[in-house]
Amino acid sequence: LTKLMTAIVVLDNYNLSDTINVSKIADSQNPTKQDVGFGDKISAGTLLSIMLVDSSNKSAYALSESIGTEKFVSLMNKKAKDLGLQDTFFVDSTGLSPNNVSTANDLVKLAGHILISYPKVADISRIKELYVPNLGFFTNTDQLLNELPEIVCSKTGFTSTAKGCLLLVTRPQSSSAKDNDYLISVVLGADDRFSEMKKIINWSNEVCN
């Protein structure tokens, strides 16, 4: 879920048409099934999309290297402070370190800010399959995109320490719901993040109806 803040910093500070080279250090980050590689020259916008859809650690790190990883992380923490995320702290752009911390409450605040100020992040996050010329197809890591049609924004997360995590923004299934009504749900530390999230969504639909 750290990559949501990474995306915000990129949109605040980068020209998405600029070309970024994937370094050896970026290439050494924990890979996904389909991923970028050392020597690839990719636009910041494409790396942003791959990062959000495929949860690519290599893409996240390559983006942070463009202005320097320390400066990038500093911008992440400044943004967290500006948004009032009192229990959130970042040490990298990938989310791989156990020293990246946040809470469900802070993540709900972050998601709300994304919906208002960074709709591009939400739009990209719900792409089921992304095609990138010369690299192939990248499949979204959120399995629920194929099951829940009302998803507005989505981001998965997993490390051995944090276990399964999932942030999901959906439209309430209620006749009284307005166009700008959203349900923001967060699952942290789950053995099965998707089944736990479905329980929340099903419960909320029952309550709303």
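**View 1. Burial and surface of the protein chain.** Of the 209 residues of the protein chain, 50% count as buried (under 20% relative accessible area, with exposed meaning over 50% and partly exposed in between; 1.4 Å probe, protein chains only). The model is predicted: local features need pLDDT of at least 70 and side-chain atom pairs count only at pLDDT 80 or more, while totals for chains, interfaces and linings use all residues. Residues are numbered from 1 along each chain as its sequence is written, and side-chain values use heavy atoms, with hydrogens and water left out. The protein chain exposes about 10300 Å², and carbon and sulfur atoms supply 48% of this area. Accessible areas come from the Shrake-Rupley method with a 1.4 Å probe; for residues, only the protein chains shown count as cover.

**View 2. Fold and dimensions of the protein chain.** Eight helices and seven strands make up the secondary structure count of the protein chain; these are DSSP runs numbered from the N terminus (helices H or I, at least four residues; strands E, at least two). The C-alpha trace spans about 50 × 35 × 30 Å along its principal axes. The radius of gyration of the protein chain is 17 Å, which agrees with the value near 17 Å for a compact globule of 209 residues. This radius is taken over C-alpha atoms, and the globule rule is 2.2 Å times the number of residues to the power 0.38. Among contacts (heavy atoms within 4.5 Å) with a separation of 6 or more, 57% join residues 24 or more positions apart.

**View 3. Surroundings of I50.** I50 lies in helix 3, which covers residues 44-54. At 0% relative accessibility, I50 is buried. Leaving aside residues up to four places away in sequence, I50 touches V36, S55, S56, S59, L130, V132, L135 and F138. L1 is 49 residues from I50 along the chain, and their C-alpha atoms are separated by 14 Å.

**View 4. The cysteines C153 and C165.** A search of the whole structure finds zero disulfides (a disulfide being a pair of cysteine sulfur atoms within 2.5 Å). C153 is in no disulfide, and the nearest cysteine sulfur, that of C165, is 15 Å away. C153 is buried at 2% relative accessibility, and C165 is buried with a relative accessible area of 9%.
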